[in-house]
Amino acid sequence: MPNASSWSAPSPLLLLREDSVGTRISLALLYAILAVSGTLSNVMVIYLVFSFKKLQTTSNAFIVNGCAADLGVCALWMPQEAVLGLLPPNSSSLRSAEYRLLRGGLLGLGLTVSLASHLLVAFNRYVLITRLPSAYQALYQRRRTGCMIGLSWALALLLLPLLPTPWAPDGGPRYAALVLALTVLGLTALVLRCYLGIARRVRGSAKRVSLLNFHLLHQLPLAAPPRRAQRRLSTLSVLLLCGAFLLGTQPLVWVSLLRFFLRPPPPALQAASRLLLCALSALNPLL
C-alpha cells in the first residue's frame, strides 16, 4: 500500500502514483506493448493507403491523418513512458520541468489531432450517405480536403498552450481540466451525431446505401447480404464503433469535470481514464 506522501507528491509518470517496483514495471510493460502494437498497426494503415491506388480516397486521407497523429503518441511518447517507468522515482531526468512540458505537449498534440480526425472521418461518411453524390464531390475536392486536414493540426496547436498541463500527473490548474473536458466532449458529441445520422439513414433506406456504394458494406469478404441483414450489420457496426469511442473518451471527460467543479477524484480513477484515452491511439486503426 502506498503511503500518504506517495499520493500527494506529483509522479513523473502520467499513470503512476505509487513507487512500488512491481507497479512501475507493469506500467512500463503495458506502455511497451501499446507502443509496439500501435506503431505497427498505424504504419500498416499508412502503407496500405499509399501502396494501393484504390484505397486513396477522401475518407482514407482523414484516416491517414489520424494515424500520423497516433504515431506521435505510440512511436514517440509511449516508449518514453516505458523507459521512465524503469528509472528510479527520484531520477533528476524525471523532474525536469522542460522535459515534462515537452512530453505533455507531444501527447496533447497527438491526441487532439487524432480526435479531430475521427470527426473528419465521421462527417465525411455522413455526407457520403445523407447527401447527393454531386454535393459530396463539390465539398470534398482535393484542395478543400487538404484544408480540413490542416485545420485539424491548427486546432491542436491553438489548444496546445492550454492542454499540456492536464496530462501531467498532478492534473495542472483547474481551468485546464475544464478546457480538456469541453474539447473532448464537443468532439465526441459531433462524432456521435454523424454516426447516429448514418445509422438512421441506413435503417431507413438500404437502397440509398447501395446507390452511393458505401465502401464499408461492399468490401465484405462474403456475398452481399440481403437488405435486412445489411441494415442490421450497418447499425451494429456503427453502435460498436460509437461504444468503443465513448469508452475511450468519456471517462476522462467526467473525471476532468469532477476535478473542476468538486474535488480531485481518486488517483486510480484518473489513471484509468487517462489510460483508456491513450490506448485509443493504438486501437484507432481497428476502429
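# Reading a helical chain step by step

Q: Which residues does Gln80 touch, if residues up to four places away in sequence are not counted?

A: Contact means that heavy atoms lie within 4.5 Å, and on that basis Gln80 touches Tyr99, Arg103 and Leu106, with residues up to four places away in sequence left out of the count. Before we go on, please keep in mind that this is a predicted model, in which local features need pLDDT of at least 70 and side-chain atom pairs count only at pLDDT 80 or more, while totals for chains, interfaces and linings use all residues. Residues are numbered from 1 along each chain as its sequence is written, and side-chain values use heavy atoms, with hydrogens and water left out.

Q: How should I read the helices, and where do Gln80 and Leu106 sit among them?

A: Helices (H or I, at least four residues) and strands (E, at least two) are DSSP runs, numbered from the N terminus. The chain has 11 helices and 0 strands; Gln80 is found in helix α3, residues 58-84, whereas Leu106 belongs to helix α4.

Q: How do I judge the span of helix α4, and how many of its residues are buried?

A: The expected span of a helix is 1.5 Å times one less than its number of residues. Helix α4 (residues 97-130) has 34 residues and should therefore span 50 Å, which agrees with the 49 Å between its end C-alpha atoms. This helix is mostly covered, since 26 of its 34 residues are buried.

Q: Which residues of α6 are buried, and where do they lie around the axis?

A: Helix α6 (residues 142-159) has 18 residues and reaches 26 Å from its first C-alpha to its last, close to the 26 Å expected at 1.5 Å a residue. The buried residues of α6 are Thr145, Met148, Ser152, Ala156 and Leu159. They cover an arc of only 90° around the axis, and so they lie on the same side of α6; the arc is that of the directions from the helix axis to the C-beta atoms. On the other side of α6, Arg142, Arg143, Leu157 and Leu158 are exposed, and for Arg142 the relative accessible area is 79%. The C-alpha atoms of Arg142 and Thr58, which are 84 residues apart along the chain, are separated by 8.1 Å.

Q: How many aromatic pairs does the structure hold, and how is such a pair described?

A: A pair of aromatic rings is described by the distance of the centres and the angle of the planes. Rings of Phe, Tyr and Trp (its six-membered ring) pair if their centres lie within 6.5 Å, and planes under 30 degrees apart count as stacked, over 60 as edge-to-face and the rest as tilted. The structure holds 4 aromatic pairs. One of them joins Tyr136 and Tyr140 in a tilted pair, 5.0 Å centre to centre with 40° between the planes. Tyr136 counts as buried at 15% relative accessibility, and Tyr140 counts as buried at 8%. Another pair, that of Phe260 and Phe261, is edge-to-face, 4.8 Å centre to centre with 90° between the planes; here Phe260 is buried at 18%, whereas Phe261 is exposed at 55%. Phe62, Tyr136 and Tyr140 form one aromatic cluster.

Note on methods:
Buried < 20%, exposed > 50% of the residue type's maximum accessible area, 1.4 Å probe, protein only.
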